[in-house]
Amino acid sequence: MKIPPVLVPLLMAALLCLSGLTSSAWAQEAPPPVSWDELKERYANYGKSPMVTEVAQTDAEFRLSHISFANAKGDTVTGLLLLPKKEGRYPVALLLHGYNSDKESMVKFFGRPLATKGIACLALDAFQHGERKKESGDGSGGSAFLAILRNTIPDWRQAIDYLSTRKDMDLKRLS
């Protein structure tokens with residue numbers, strides 16, 4: 001079969017991308033499976049609102065608070081809660097940042113425009129990101145990505161439990 005000349009660069013790019021996926025960063029050994037007891041511990045606080053510390057921040061346009069709480073492992077989870085100035089009951093947007101980003105970027109680029117439309121926003125720092133970043137390890141590769149997911153998902157579940165206790169949040173309109 002003859003390959004049309006137009007497709008040759010696309011196929012070359014695809015092969016380069018695929019070869020990059022098998023590089024040493026992504027070819028690391030998979031982390032060991034999580035035991036049932038460890039998994040139960042991670043989700044032990046689900047359905048229970050965490051004890052959240054909320055500190056108001058100065059903002060001319062919105063009500064902005066820095067929040068923190070201890071997750072099921074005892075680690076401190078940090079976030080920003082952004083609300084419109086006017087008191088009310090708001091739909092809520094959860095702002096989940098990407099790899100190597102943080103809560104401040106999410107509030108700046110997405111939260112502020114949403115708050116102008118009357119939508120409350122919560123952004124958390126993912127595990128090993130923002131205020132939660134530790135200097136150990138390079139943080140790259142498949143194992144690091146799985147650790148981020150395994151540690152951040154239960155934190156978000158706790159954060160949603162916290163939002164459900166607030167009278168100014170309409171969790172029927174959660175996105």
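**Figure 1. In β5, C121 is the bridge partner of A93.** The model is predicted, with residues numbered from 1 along each chain as its sequence is written. Local features need pLDDT of at least 70, side-chain atom pairs count only at pLDDT 80 or more, totals for chains, interfaces and linings use all residues, and side-chain values use heavy atoms, with hydrogens and water left out. Strands β4 and β5 run parallel and are joined by four bridges; two strands count as paired if DSSP finds at least two bridges between them. Helices (H or I, at least four residues) and strands (E, at least two) are DSSP runs numbered from the N terminus. Pairing between β3 and β5 is antiparallel, again with four bridges. There, L80 has A123 of β5 as its bridge partner.

**Figure 2. Strand β5 is covered on both faces.** A120, L122 and L124 are buried on one side, and C121 and A123 are buried on the other. Buried means under 20% relative accessible area, exposed means over 50%, and partly exposed lies in between (1.4 Å probe, protein chains only). Because five of the five residues of β5 are buried, the strand is largely enclosed by the rest of the structure. In a regular strand, side chains alternate between the two faces of the sheet.

**Figure 3. Six strands form an open sheet in the order β1-β2-β3-β5-β4-β6.** The pairing in this sheet is mixed. Strands β1 (53–57) and β6 (169–174) are the edge strands, each pairing on one side only. From one strand to the next, the twist averages 30°. Axes are lines fitted to C-alpha atoms, for helices over the stretch in contact, and angles run from 0 to 180 degrees between N-to-C directions. P91 has D170 in β6 as its bridge partner.

**Figure 4. Strands β1 and β2 form a hairpin with four residues between them.** The two strands are antiparallel and share five bridges. A56 stands opposite S65 in β2. S68 is also part of strand β2, and counts as buried because its relative accessibility is 18%. Leaving out residues up to four places away in sequence, S68 touches M51, V52, T53, T76, V77 and T78; contact means heavy atoms within 4.5 Å.

**Figure 5. Helices α3 and α4 lie against the sheet.** Helix α3 (residues 103–116) lies across β2 (62–70), β3 (76–84), β4 and β5 (120–124). The helix α3 runs at about 25° to β3. Helix α4 (residues 142–164) touches β1, β2, β3, β4, β5 and β6 as it packs on the sheet. The direction of α4 makes about 150° with that of β5.

**Figure 6. The second largest pocket holds about 200 Å³ of space.** A pocket is an open set of points on a 1 Å grid over the protein atoms alone, where a 1.4 Å probe fits and protein lies on both sides within 12 Å along at least five of seven lines; lining residues have an atom within 4 Å of a point. The volume is the space filled by probe spheres set on the points, which are joined across faces, edges and corners. Of its 13 lining residues, H97, A126, I148, L149 and T152 are the closest to the centre of the pocket. Helix α4 gives the most to the lining, with six residues. Nine lining residues are nonpolar, four are polar and none is charged. Ala, Val, Leu, Ile, Met, Phe, Trp, Tyr, Cys and Pro count as nonpolar, Asp, Glu, Lys and Arg as charged, and the others, Gly among them, as polar.

**Figure 7. N100 has a positive phi, near 65°, in a residue other than glycine.** N100 is placed in the loop between β4 and α3. N100 counts as exposed because its relative accessibility is 58%. Q128, in the loop between β5 and α4, also has a phi near 65° and is not glycine. Q128 counts as partly exposed because its relative accessibility is 21%.

**Figure 8. The protein chain contains four helices and six strands.** From the N terminus on, these elements run α-α-β-β-β-β-α-β-α-β. Of the 175 residues in the chain, 34% are buried. Among contacts with a separation of 6 or more, 66% are between residues 24 or more positions apart.
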